[in-house]
Amino acid sequence: MARALITNDDGVESPGLRYLVEEMSMRGFEVYLVAPRTQVSGAGKSNSYRVKVWPIKFEGTRAAWAIEGRPADAVAVGLKALLGFRPDLVVSGVNIGPNMGITDFFTSGTVGAAIEAALLGVRAVASSYSVLRGLTDSDHPHLRKAAMLTAEVADRLAGDAGGEGGVDLLILNFPRGEPRGVKVAPMALISNIEVYNGEEEGVYQVLGWRTDDLDQAYSGGAEGTDVDVVKRGYVSVTPVCLRCLASTTSDPALTGYVRRLLQGLTS
């Protein structure tokens, strides 16, 4: 039986987390949960100095803990202190809100938890449902379906013990409503940070969306990227190889340019 650590950045009360645990459990996973007590969106892969942890009851899990910390903390504490074993997989989500493009890769707590897992040597899946202004009653069946497909992807990834292809984590983004299908898609190279002055003088909004229109919130995105695919009603699956990312820092073209730039300073 495969063992999975589940987490999120929306907190332990999130319906996306509840659906995911149910679906993972129904697929035969031995499920463990470590997640923030409340919403900690936008934390990226950041860690805290001190993290308060306490056990909770969570249906569908073998054991569960809530933390006063960030999603990456949940994974680090879970893998390094609480579980006492190495799980086959970490699954983060299902997030209420999209996590598409390169900007979200660095700012999303959902993705940050998956990155933390991959850095600690456990492959991961990060899953998000693309609604911008909160769920309506009609969203819940589709959110559950997103959890069902996330569990299916997790099951297949956990079954690939050889780790073929060098995939460290998969990022799933579901369109709102019924998906037209599934497409493998790279991240869009976009910056969708929008800074504006809110109702309080001198206070600026940095994270979050001013609109409930996905086209406006994620303007741009080249054809075939995750942003484009989700806008067209498909589930995007983006593979990430952190080892490949690290290896680019030794690329001869990059290092050669920097050596020329720093001529006389480097040995």
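Q: Which residues of α5 are buried?
A: Burial is read from relative accessible area, with buried meaning under 20%. In this predicted model, the buried residues of α5 are Leu143, Ala146, Ala147, Thr150, Ala151, Glu152, Val153, Ala154 and Leu157.

Q: Which residues form a nonpolar patch on the surface?
A: A patch takes residues with over 30% relative accessible area, and nonpolar side chains are joined within 5 Å. Here Ile193, Val195, Tyr204, Val206 and Leu207 form such a patch, and together they have about 450 Å² of accessible area.

Q: Where is Tyr204, and is this residue buried or exposed?
A: Tyr204 lies in strand β10, residues 204–205. Its relative accessibility is 54%, so Tyr204 counts as exposed.

Q: How many disulfides are there, and which cysteines form a disulfide?
A: A disulfide is a covalent bond between the sulfur atoms of two cysteines. The count here is one disulfide. Cys241 and Cys244 form it, with their sulfur atoms 2.2 Å apart, which falls within the 2.5 Å cut-off.

Q: Why is the disulfide of Cys241 and Cys244 right-handed?
A: Because the torsion about the S-S bond of Cys241 and Cys244 is about 80 degrees. As for accessibility, Cys244 has a relative value of 41% and so counts as partly exposed.

Conventions
Residues numbered from 1 in each chain as written. Predicted model: local features only at pLDDT ≥ 70, side-chain atom pairs only at ≥ 80, totals over all residues. Heavy atoms only, no water. Buried < 20%, exposed > 50% of the residue type's maximum accessible area, 1.4 Å probe, protein only. Helix = DSSP H or I, 4+ residues; strand = E, 2+ residues; numbered from the N terminus. Patch = residues over 30% accessible without salt bridge, like charges linked within 9 Å, V, L, I, M, F, W, Y side chains within 5 Å. Areas by Shrake-Rupley, 256 points an atom, 1.4 Å probe, with all protein chains shown as cover. Salt bridge = Lys/Arg side-chain N within 4 Å of Asp/Glu carboxyl O.
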